[in-house]
Structures are given as C-alpha cells and as structure tokens.
Amino acid sequence: MVRLSSAISFLVACVSLSPSNGFNVPQSFTSSGLNKVNKYADLVARSREALPSGNGVMTTTSSANMIAGGANAYEEMYDGVRIGPPPDLPSLLLHNRIVYIGMPLVPAVTELVIAELLYLNYEDNSKPITMYINSSGTTTPNGQSVGFETEAFAIADVMKYVRPPVCTVALGQAFGAAAMLLAQGKRGRRFALPNATILLNQPRSQARGQATDIAIKAREVARNRRTTCELIAQACGKPVNNVIEDCQRVKYLQPHEAVEYGLIDKVMVNEASLPVKPSFISQL
C-alpha cells in the first residue's frame, strides 16, 4: 500500500508539472518522467488486481455490466453486494412504461412527456402506460404563469392518440391544467393517492403592451379556458357550463371529492390498487 500511495503522489506531481499546465519542463525530464509514469501505472494496476477478496475487502470487476434502466457502469463488490452508481432512474421508469410529470408544464417538460408517450406507443401498443402527475400545471404553486395551456392540450391529444391505455395517478398536487390531464386517463384507471390535492381554476393572463394586443390575448385566454373546461366536462360526464362555473374561482378537491366530481375513479390506499405493478424492483 506504501508503494501504491507513492505511485499516486508521483502521478499527481507529473500532471502538475506537465507542459500543458504552463511549465517549461526539459525534454529529457519529460521523456524519463513519462517512462516512470508508465511503470507506476502498471504498478497501480497490478496492486489493484492483487488485493485479496472477501473478509470485508473490496474487489473490483473489470467487466462493464448493464444496470437495469440502461446505465452502463463498472461494478464493485463488497462482501458479495454490488457497490456502484445508482441506476438511471428516468430510463428505469420508462423501461417499466411509467411517465412522471413532476414539474410545471413548460415546453421542455411537454417535449419529454410526448416523446416518452410516442416511444412507448411504438415499442408496444398493447401494454398500458402509467402516468404519475405531481404538477402545478401551467403556473407555479404561488400562481405565477410559467407556461401556456397549449402545452397541456398537446399532452392530452397525444394521450388520446396513442393506442395503449394511459392510466393516470395524482400524487402531491394536480393543479389547473395538470388536473385536466389527470381526468384524461383511461376511464376506470384514473387514481389519486390519499393525500393528493386537486385544484380547478382558470388560465391566467399576464399580457402587456397596447390595448389591442391585450384584448387579443384576453380572447385567446378565454378560448383556452373554454377548451380546458370542455375536456374536463367530457372526462367527468358533466355539463360544460357547470365546469365553467366551478372554474370561475379556485376549487380545491380532496381525492374522495374528486371521485364524486368524476375527475378520478378511485383513491389508491395500498400497492394492490396499482393499475400496473412495476417490475424494476425485482431487477435491482
């Protein structure tokens, strides 16, 4: 181990004195230094391979193994247990046909969600897709507008376009446009966790400029509000005018109230209520 520490110290010194770091090192010293670096590199490799295994000593494997979800990394074993980087969680979820919306509906989020839905559609058009929603919609939690309702409309259209049934699950919060997406899931497969909060409201407009531009924007916001209420009314089986009236002001719904309203079909209370049981736990 002393020789190993000396080798590492020498490598650091050689790197710090290299010409690429701005030092003018004589060519003779550079050549001999490189030869010593090569020798010490071989020493480090042999010392690492010579480490005993078992009895609490870490050993390494030189082969790259594929971790579930697509992350490719070199693994280390400690007393028979794999030690290494965590799996690539987004790929792990996608591998199990899970789409997670955990941010406001900004263009980058919409692009990713639509891409995942289309990929899962062409990978297997019969297995269901589970969409978990924890989003404040097109606004921040404090009500500041950060996106356009067209982002939610795009996701809703793709949810209907793809052939696999899309199961929706609300957790945390589903506000505004996110509540509309929650209701767009397959009828009978729309769920919420017990402590989720669902909110109905109307789009916000922060138009500025000339009066004519503000009026044009106001008409667009009113049209988007109408479209959102129509999608919710169709999913809930309610008259459009009733939904528009409910969205005039903020309307909070607890999970059991959302079931009565028709936004969801059931409140999940345990693992048995999952629409599709993920398989990644057994793959880790």
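The model is predicted, so local features need pLDDT of at least 70 and side-chain atom pairs count only at pLDDT 80 or more, while totals for chains, interfaces and linings use all residues. Residues are numbered from 1 along each chain as its sequence is written, and side-chain values use heavy atoms, with hydrogens and water left out. The chain has ten helices and ten strands; helices (H or I, at least four residues) and strands (E, at least two) are DSSP runs, numbered from the N terminus.

**The chain overall**

- The chain has 284 residues, of which 35% count as buried. Buried means under 20% relative accessible area, exposed means over 50%, and partly exposed lies in between (1.4 Å probe, protein chains only).
- Of the contacts between residues at least 6 apart in sequence, 64% join residues at least 24 apart. A contact means heavy atoms within 4.5 Å.

**Salt bridges**

- The structure holds four salt bridges. The term stands for a side-chain nitrogen of Lys or Arg within 4 Å of a carboxyl oxygen of Asp or Glu.
- One of them joins R190 and D265, whose closest N and O atoms are 2.9 Å apart. R190 lies in strand β7 (residues 190–192) and D265 in the loop between α9 (255–261) and β10 (266–267), so the pair ties together parts that are 75 residues apart in sequence.
- Within this pair, R190 is buried at 2% relative accessible area, whereas D265 is partly exposed at 28%.
- E220 and R223 form a salt bridge with an N to O distance of 3.1 Å. Both residues lie in helix α7 (residues 211–236), three residues apart, about one turn of the helix.
- E220 has a relative accessible area of 30% and is partly exposed; R223 is also partly exposed, at 43%.
- E230 and R226 form a salt bridge too, with their closest N and O atoms 3.2 Å apart. E230 and R226 are both in helix α7, four residues apart, about one turn of the helix.
- E230 is partly exposed, with a relative accessible area of 35%, and R226 is partly exposed at 39%.

- Helix α5 (residues 149–161) has 13 residues, which should span 18 Å at 1.5 Å a residue, and its end C-alpha atoms are 18 Å apart, in agreement. The expected span is 1.5 Å times one less than the number of residues.
- The buried residues of α5 are E149, E151, A152, F153, I155, A156, V158 and M159. Their cover includes α4 (107–123), β5 (129–135), β6 (166–175), α6 (177–183) and α7.
- The axes of α4 and α5 are 10 Å apart and meet at an angle of about 5 degrees. The two helices are therefore roughly parallel to each other.
- P107, T110, V113, I114, L117, L118 and Y122 of α4 make this contact with E151, A154, I155, V158, M159 and Y161 of α5.
- Axes are lines fitted to C-alpha atoms, for helices over the stretch in contact, and angles run from 0 to 180 degrees between N-to-C directions. Angles under 35 degrees count as roughly parallel, over 145 as roughly antiparallel, 65 to 115 as roughly perpendicular and the rest as oblique.

**Helix α7**

- The 26 residues of α7 reach 37 Å from first C-alpha to last, close to the 38 Å expected at 1.5 Å a residue.
- V221, N224, T228, C229, L231, I232, A233, A235 and C236 are buried in α7. What covers them includes α5, α6, β7, β8 (197–200), α8 (240–246) and α9.

**Two single residues**

- T139 sits in the loop between β5 and α5 and is buried, with a relative accessible area of 12%.
- Apart from neighbours within four places in sequence, T139 is in contact with P104, Q144, S145, V146 and R204.
- H95 belongs to helix α3 (residues 89–95) and counts as partly exposed at 45% relative accessibility.
- H95 and L120 are 25 residues apart in sequence, and their C-alpha atoms are 8.9 Å apart in space.
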